[in-house]
Amino acid sequence: MSKKYFQPEIETMSEEWIRKIQDEKLVKQVKYVYDNVEYYRNLMDEKGVKPEDIHGVEDLHKLPFLKKDDLREAYPYGLLATDLKNCVRIHSTSGTTGKRVVAFYTQHDIDLWEDCCARALVAAGASNEDVCQVCYGYGLFTGGSGLHGGSHKLGSLTLPMSSGNTDRQIQFMMDLNSTILCCTPSYAAYIGETLKEKGYKPEDNKLKAGIFGAEPWTEEMRRDIEKSLGIKAYDIYGLTELSGPGVAFECEEQSGMHINEDHFIAEVIDPNTGEVLPLGSKGELVFTSLDKEAFPLLRYRTRDICVLSRKKCSCGRTFVKMTKPLGRSDDMMIIRGVNVFPSQIEAVLLNNGYAPNYQIILDRVNNTDTFDINVEMNPDDFSDTPKVITAKEKQLQAAMKTMLGINPKIHLLSPKSITRSEGKAVRVIDNRKRLGITI
Ligand code: ADP
Ligand code: ZN
C-alpha cells in the first residue's frame with residue numbers, strides 16, 4: 001500500500017518539537033563525543049569549550065568546526081567513537097576531491113541511515129508494491145547499500161544491480177518491470193540515451209520515478225531525464241561522512257530537499273569567515289550528527305554551497321529544505337580570475353539542445369588560463385561538415401560567454417565520443433594542477 005510518509009510522526013512534527021528533540025540529542029551527542037574521541041576532546045579544549053557549555057542548538061556555534069582535512073589526519077581510527085567490535089560496516093568516500101576518508105557504522109547507525117533512505121523512497125512515491133532497481137555502485141561507495149537498505153525497509157522488491165553493464169540494466173528493467181530507478185543522474189541520462197538507441201519509447205518502460213543524487217545536476221538535466229525515461233526525477237543528497245545518501249531528500253514539490261532534522265542539524269556559514277549566516281543566505285553547509293554511535297561528527301564542513309529554507313512545503317513535511325548544492329566550494333573553478341561552476345556550463349548546454357555529455361579542460365599556457373569544453377553533438381543533429389560545425393561552435397561559445405562572462409573554446413565532437421560514467425561523472429580535467437597551481 002502506498003503511504004505518504006515513511007515515518008509520519010517524525011516527518012511532519014512541529015518545528016518546536018524538532019527543535020526540542022535537537023536540543024536534547026545535541027547535548028548527549030556532544031558529551032558522548034567528548035568522552036569517547038580524543039581528537040575531538042583536543043579540538044574542544046583548544047577552543048575552551050566543554051560539554052557543559054552546550055545546552056542546546058543555540059550553543060552550537062561555540063563548538064569547533066571539523067573539516068575533511070581532520071578526517072584525513074585522523075584516518076583511519078582517530079574519530080571512531082566506539083569499540084571496533086561494536087561496528088558492523090565501513091564505507092569510504094568516492095575520493096572526488098582527494099584522498100578517500102573512511103566512516104564506520106554500528107548496526108544502530110545503519111538502521112537510522114536506512115530509515116532516511118526509506119523516507120526518500122516514499123517521498124518519491126515508492127511502496128512495497130514497487131520494484132526498485134538500484135544501480136548506484138555497491139561496495140565501499142554508500143550509494144548502493146543506502147538505497148538498497150531503504151528499499152528493503154520499505155518492503156519494495158529490490159533489484160541490486162550495482163552500476164555498469166547498461167545492456168543488462170535495460171534487460172532487467174524491462175523483463176522485471178522496474179518502477180523505481182536509483183542511480184547517479186549522469187547514469188540515468190545514459191540509460192535514457194541507450195533506451196532510445198535501442199528503439200524504446202519512454203512509455204515502453206514501467207518506471208514511474210527515479211532517485212538521483214551523489215553529484216550535482218541541474219533543473220535542465222532533470223527535465224531531460226524525466227522526458228527520456230517518462231518518469232518523475234527526485235534529488236537525494238548525502239555524504240559518506242554523515243552516513244551516505246538520505247541526509248536530505250526531495251518530495252513531490254521537487255523544489256529542494258528536506259533535511260532529516262531528527263538526525264542532523266544543518267547550518268549555513270560563510271566559507272571564508274566561518275560566520276553562521278541567517279536562514280535564506282547562500283553559504284557552505286555544515287552538519288552536526290545527533291544519533292550516531294560509531295562516527296559522530298560535530299559541525300562538519302561539507303564544502304557544499306546551498307541555501308536553506310523553512311517555507312511551508314505542500315507535502316506536509318516540516319523539515320528544513322536545502323537547495324540543490326550549487327556546487328562545492330572546492331568544485332568552483334577560477335578561470336582567468338572568474339568563478340565558474342560546472343553546473344553553469346551544463347545549464348547552457350541543455351538550454352541549447354545539447355545532452356549533458358561534456359568535459360571541461362583547463363590548462364595554463366604563457367601564464368594565461370586556457371578553457372576548452374568538449375561537447376558531443378546530438379545524434380539527431382549530427383553533422384560532419386566543417387562549416388556547419390564551426391557555426392554551431394560559435395553559437396554555443398556566444399551562449400557560454402553570456403552566462404559565464406568569459407569565452408571558452410568549444411569543440412563539438414561526434415556522438416558517443418566522451419566516455420560515459422557509471423558512477424559520478426568526471427566533468428573537469430584541470431591540467432593546471434600539474435604546474436603545482438592550486439586553484
Ligand atoms: P566524495 O566527497 O569523495 O565525492 P561522497 O561519495 O561521500 O564523497 O560524496 C558526497 C558529496 O557528493 C557531497 O558532499 C556532495 O558534494 C556530492 N553530492 C551528493 N549528493 C548530491 C546531490 N544530490 N547534488 C549535488 N551534489 C551531491
Ligand atoms: Zn516537501
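Salt bridges and a covered strand

Tutor: In this predicted model, Asp 167 has a relative accessibility of 47% and therefore counts as partly exposed.

Student: With which residue does the side chain of Asp 167 meet in a salt bridge?

Tutor: Asp 167 belongs to helix α7 (residues 166-175), and its partner lies in the loop between α8 (185-197) and β6 (209-213), so the pair ties together parts that are 31 residues apart in sequence. The N to O distance is 2.9 Å, and the partner is Lys 198.

Student: Is Lys 392, the salt-bridge partner of Asp 381, buried or partly exposed?

Tutor: The closest N and O atoms of Asp 381 and Lys 392 are 3.1 Å apart. Asp 381, at 40% relative accessibility, counts as partly exposed. Buried means under 20% relative accessible area. Lys 392 has 19% relative accessibility, so Lys 392 counts as buried.

Student: Which residues are linked in a network of salt bridges with Asp 430?

Tutor: Asp 430 forms a salt bridge with Arg 432, with 2.9 Å between the closest N and O atoms. Asp 430 is buried at 15% relative accessibility, and Arg 432 is buried at 0%. The residues linked with Asp 430 in the network are Arg 364, Asp 369 and Arg 432.

Student: Which residue in β11 is the bridge partner of Phe 264?

Tutor: Phe 264 points one way from β10 together with Ala 266 and Val 268, and these residues are buried. Strand β10 (residues 264-269) pairs with strand β11 (residues 282-289) in the antiparallel sense over six bridges. In β11, the bridge partner of Phe 264 is Ser 289.

How values were computed
Residues numbered from 1 in each chain as written. Chains lettered and ligands numbered in written order. Predicted model: local features only at pLDDT ≥ 70, side-chain atom pairs only at ≥ 80, totals over all residues. Heavy atoms only, no water. Buried < 20%, exposed > 50% of the residue type's maximum accessible area, 1.4 Å probe, protein only. Helix = DSSP H or I, 4+ residues; strand = E, 2+ residues; numbered from the N terminus. Pairing = 2+ DSSP bridges. Salt bridge = Lys/Arg side-chain N within 4 Å of Asp/Glu carboxyl O.
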